[in-house]
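A short report follows the structure.

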Amino acid sequence: MSGILVVLEDRGGKVRSASWEAVAAALKLAPVQNVTAAVIGAQTEALAGEAARKGVGKVVRVEHPLLAQYTADGFCAALQQLVQNESPTHIVFPHTYQVRDFAPALAARMGQALIGDVVAIEDGPLFIRQLMQGRLNGSYRHCGNGPCFVSVQAGAFRADAFEAQLGAAAITTFNPNLDAAQIRTKPGEPFREAAQTVDLGSAQRIVSVGRGIKEAANLNLVQDLAAVLGAEIAASRPICDNGWLPMERQVGSSGQTVAPKLYLAVGISGAIQHLVGMKGSQCIVAINKDPDAPIFEVADYGIVGDLFEVVPAVTDAVKSAKA
Amino acid sequence: MKIIVAIKQVPDRDAPVRIAASGKWVDESDLQWAMNEPDAYALEEALQLKEKNGGEVVVVSAGPERVGSTIREAMAKGADRAIQVICDDLGARDALGVAKLLAAAIKAENPDLVLTGLQSEDVGLGQTGVIVAELLGLPHSTLILHVEKTDAGITVKREMEEGWFQTIAMPLPAVLTMQSGGNKLRYATLMGIKRAKTKELRTVRAAELGVDGAPLVTLDQIAMPKKQKSTQILSGSAKEAAAALVEKLKTEARVL
């Protein structure tokens, strides 16, 4: 076993930026010339060219007509053959929804356990991932002899860390043996629900609310604050799951990604699924009763306290500041 | 339709998190426990499928004795019976090890459908359902919001990133991991709680399942995360903190 295999993911004919972050993570494990990038699909020439220009050690096109559309069955079968062929020490993925769908099965098929959603790699190597909804970090170690499967969290590694270190990489093609009967699921085309009427992405100020609000009847507290700030209302997933606010107001990995000037998080603990949707905001304010809530890790200003007292007080303070 | 729902008991979301003396896990002594929320959505989907199509809902859970209370809660909500895999070292097992326990317990049941939450709220690996499918040799899909029974099997609505969805047709038996928010969680009724006490809860010891427990991935140590930013915490009464915040937002951050 030698070298690192990074499995790139694409969307709309381009390699997704999360894939370059996975390459950056791989560089914590080996020098760039030992990093092989794999692109997967029915037609991968353009993707392979894009990967080769990035200056990884080598690019493999995993190509088969049955890989035109993603299926867990197709990707597991193809990648198992590729891993057996390449025999890498580590296989690194971006921790996307698609990877979550197949990588655990691929690892299990090869008698391994994926170390998923890694946020840092330290000497050892130790793989750091979050526990208890981001309130703790755990250091994980791979034991045993087989290849180590790792997926890395979006935004945890800098994609520009390896830019243009080498010339264009050599490209090879790997044609896995696949049979249509192996693919048991029939995926349909992606679709969106009713057209979105709220564009949180262009909002300058956002007041966002989480579980701490306890009941739908209490939402008027944050609505009042949003009104005096001239802000849009947004929410973490549980609020929308409960139907208290429409899904289109959800910020996070399954909702919208926002970067306003001011993001005021009320009663939001800050699980990673939420943080990825808002941590690019210019100024983040957190109001939460739990001083250890992970939202305070990304906040510029924090108030630790009961939101039912603090939020009306902030509303009043904004009013008097404007008066 | 025979549906297995794999559920996990996790520390209550509001429970204070303290690192145990071992440095390898949290101090469990004062913790309150609850059903992992995505698993509660899986249970709800199973109960609704049973209401529409008939059949049986069987809950499977692995963990120490205390897990029994969460299993009873699932039966109070309407699950017909349950299997508990008694296992005192769940936290020391990796995702593959946990899935092996569940798969062994599930296999003997020969279900039509296996549902579980997309991830747990404690370790959050998000892998158990997918690995169970692999170990059972069944097709799977993840991040599912809704399941519809068809003549050929099922169609499922899968959540993709950034507000996109996809419909997938698949044969039965199959394994699905459920996303939250696809349906509305029910509460247990008084009658349900009463009935749950008489429902079958079969226990099996992890050692009796004959699965290899040696972990390939170990958790060496846990720690509080390092702060990414230096947060200015504004203290004082609610009024004082609010006034200080607005002043900072105006003069320092200049966002008001």
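How many bridges join strand β14 (residues 205-209) of chain A to β15(A)? Four bridges join these two strands, and they run parallel. This is a predicted model, in which local features need pLDDT of at least 70, side-chain atom pairs count only at pLDDT 80 or more, and totals for chains, interfaces and linings use all residues. Residues are numbered from 1 along each chain as its sequence is written, and chains are lettered from A and ligands numbered from 1 in the order in which they are written.

Some terms first. Strands (E, at least two residues) and helices (H or I, at least four) are DSSP runs, numbered from the N terminus. Two strands pair if DSSP finds at least two bridges between them.

The open sheet has six strands, with parallel pairing, in the order β15(A)-β14(A)-β16(A)-β17(A)-β18(A)-β13(B). β15 (232-235) of chain A and β13 (232-233) of chain B stand at the edges with a single partner strand each, so one side of each has no neighbour in the sheet. Within β15(A), A:E232 is the bridge partner of A:I206.

Contact means C-beta atoms, placed from the backbone, within 7 Å. Axes are lines fitted to C-alpha atoms, for helices over the stretch in contact, and angles run from 0 to 180 degrees between N-to-C directions.

| Helix | Strands touched | Angle |
|---|---|---|
| α5(A), residues 219-229 | β14(A), β15(A), β16(A) | about 175° with β14(A) |
| α6(B), residues 238-251 | β16(A), β17(A), β18(A), β13(B) | about 175° with β18(A) |

**Strand β7 of chain A**

β7 (residues 115-122) pairs with β8 (residues 126-131) of chain A in the antiparallel sense, over four bridges. A:E122 stands opposite A:L126. Three residues separate β7(A) and β8(A) in a hairpin, and A:G124 in the turn has a positive phi of about 145°. β7(A) also pairs with β10 (residues 148-152) of chain A, in the parallel sense over two bridges. There, A:V118 stands opposite A:V152.

Conventions:
Two residues are in contact if their C-beta atoms, placed from the backbone, lie within 7 Å.
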